[in-house]
Amino acid sequence: MSRRIERVNELLREEISALVLQDVRDPRLSTLVSVTGVVTSPDLRHARVYISVYGGADDEAASLAALRQAAGYLRRQLRDRLPWRTVPELDFAIDPALERGRRVD
């Protein structure tokens, strides 16, 4: 992975985290949701956003549905905040690394 993609991923992670914390007002996001990572495609058109949710499987499903519904709003906000020509389409997913870590423990 190039350094440029790594910098883009980190910047997207920070900005999306701030937006989810401050701007997204959805009752399904009542639990603690954190953005753990972002993986952007080489052409910068798509970004997979990995999240972790403190709570059970029901909380994970509700939070994931809320974030997927808010993806368009988040993308518009990123377009205003970032000086990029195009902002990638956002796809949210539960971070599988955290579940693997729980199973190992």
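This talk describes helices, a pocket and several individual residues of one structure. Please keep in mind that the model is predicted.

Let me begin with helix H1, which runs over residues 3-22.

The buried residues of H1 are Ile 5, Val 8, Asn 9, Leu 12, Glu 15, Ile 16, Leu 19 and Val 20. Viewed down the axis of H1, these buried residues fall within an arc of 145°, and they therefore line one face of the helix. The face of H1 turned away from that buried side carries exposed residues, namely Arg 3, Arg 7 and Leu 21.

Against what do the buried residues of H1 pack? Their partners are strand E1 (33-40), strand E2 (46-53), helix H2 (57-69), helix H3 (71-81) and strand E3 (89-94).

Ile 16 counts as buried, because its relative accessibility is 0% and the cut-off for a buried residue is under 20%. Leaving aside residues up to four places away in sequence, Ile 16 touches Val 35, Val 49, Leu 78, Leu 90 and Phe 92.

Which residues of H2 are buried? They are Glu 60, Ser 63, Leu 64, Ala 66 and Leu 67. These residues cover an arc of only 165° around the axis, which puts them on the same side of H2. On the face of H2 turned away from its buried side, the exposed residues are Ala 57, Asp 58 and Gln 69.

Is Asp 80 buried or exposed? Asp 80 is exposed, because its relative accessible area is 65% and the cut-off for an exposed residue is over 50%. Asp 80 and Leu 19 are 61 residues apart along the chain, and their C-alpha atoms are separated by 12 Å.

For helix H4, which covers residues 96-104, I shall mention Val 104. Val 104 is exposed, with a relative accessible area of 72%. Between Val 104 and Asp 59 there are 22 Å in space, C-alpha to C-alpha, and the two are 45 residues apart in sequence.

Now to the loop between E1 and E2, where Leu 44 is placed. The phi angle of Leu 44 is near 60°, a positive value in a residue other than glycine. Leu 44 is buried, with a relative accessible area of 15%. From Leu 44 to Ile 16 the separation is 28 residues in sequence and 16 Å in space, C-alpha to C-alpha.

Arg 45 also has its place in the loop between E1 and E2. Here the relative accessible area is 55%, and Arg 45 is exposed. Not counting residues up to four places away in sequence, Arg 45 touches Pro 88 and Glu 89. The C-alpha atoms of Arg 45 and Thr 86 are separated by 7.6 Å, although these residues are 41 residues apart along the chain.

My last topic is the largest pocket. How much space lies in it? The largest pocket holds about 200 Å³ of space. Its lining consists of Ser 17, Val 20, Leu 21, Val 24, Arg 25, Asp 26, Leu 29, Thr 31, Leu 32, Val 33, Ser 34 and Val 35. Within that lining, H1 and E1 each supply at least two residues. By kind, the lining residues of the largest pocket divide into 7 nonpolar, 3 polar and 2 charged.

To close, I return to helix H1: its buried residues line one face, and they pack against strands E1, E2 and E3 and helices H2 and H3.

Key. Residues are numbered from 1 along each chain as its sequence is written. This is a predicted model: local features need pLDDT of at least 70, side-chain atom pairs count only at pLDDT 80 or more; totals for chains, interfaces and linings use all residues. Side-chain values use heavy atoms; hydrogens and water are left out. Helices (H or I, at least four residues) and strands (E, at least two) are DSSP runs, numbered from the N terminus. The expected span of a helix is 1.5 Å times one less than its number of residues. Buried means under 20% relative accessible area, exposed over 50%, partly exposed in between (1.4 Å probe, protein chains only). The arc is that of the directions from the helix axis to the C-beta atoms. Contact means heavy atoms within 4.5 Å. On a 1 Å grid over the protein atoms alone, a cavity is a set of points where a 1.4 Å probe fits but cannot get out, and a pocket is an open set with protein on both sides within 12 Å along at least five of seven lines; lining residues have an atom within 4 Å of a point. Grid points are joined across faces, edges and corners, and a volume is the space filled by probe spheres set on the points. Ala, Val, Leu, Ile, Met, Phe, Trp, Tyr, Cys and Pro count as nonpolar, Asp, Glu, Lys and Arg as charged, and the others, Gly among them, as polar.
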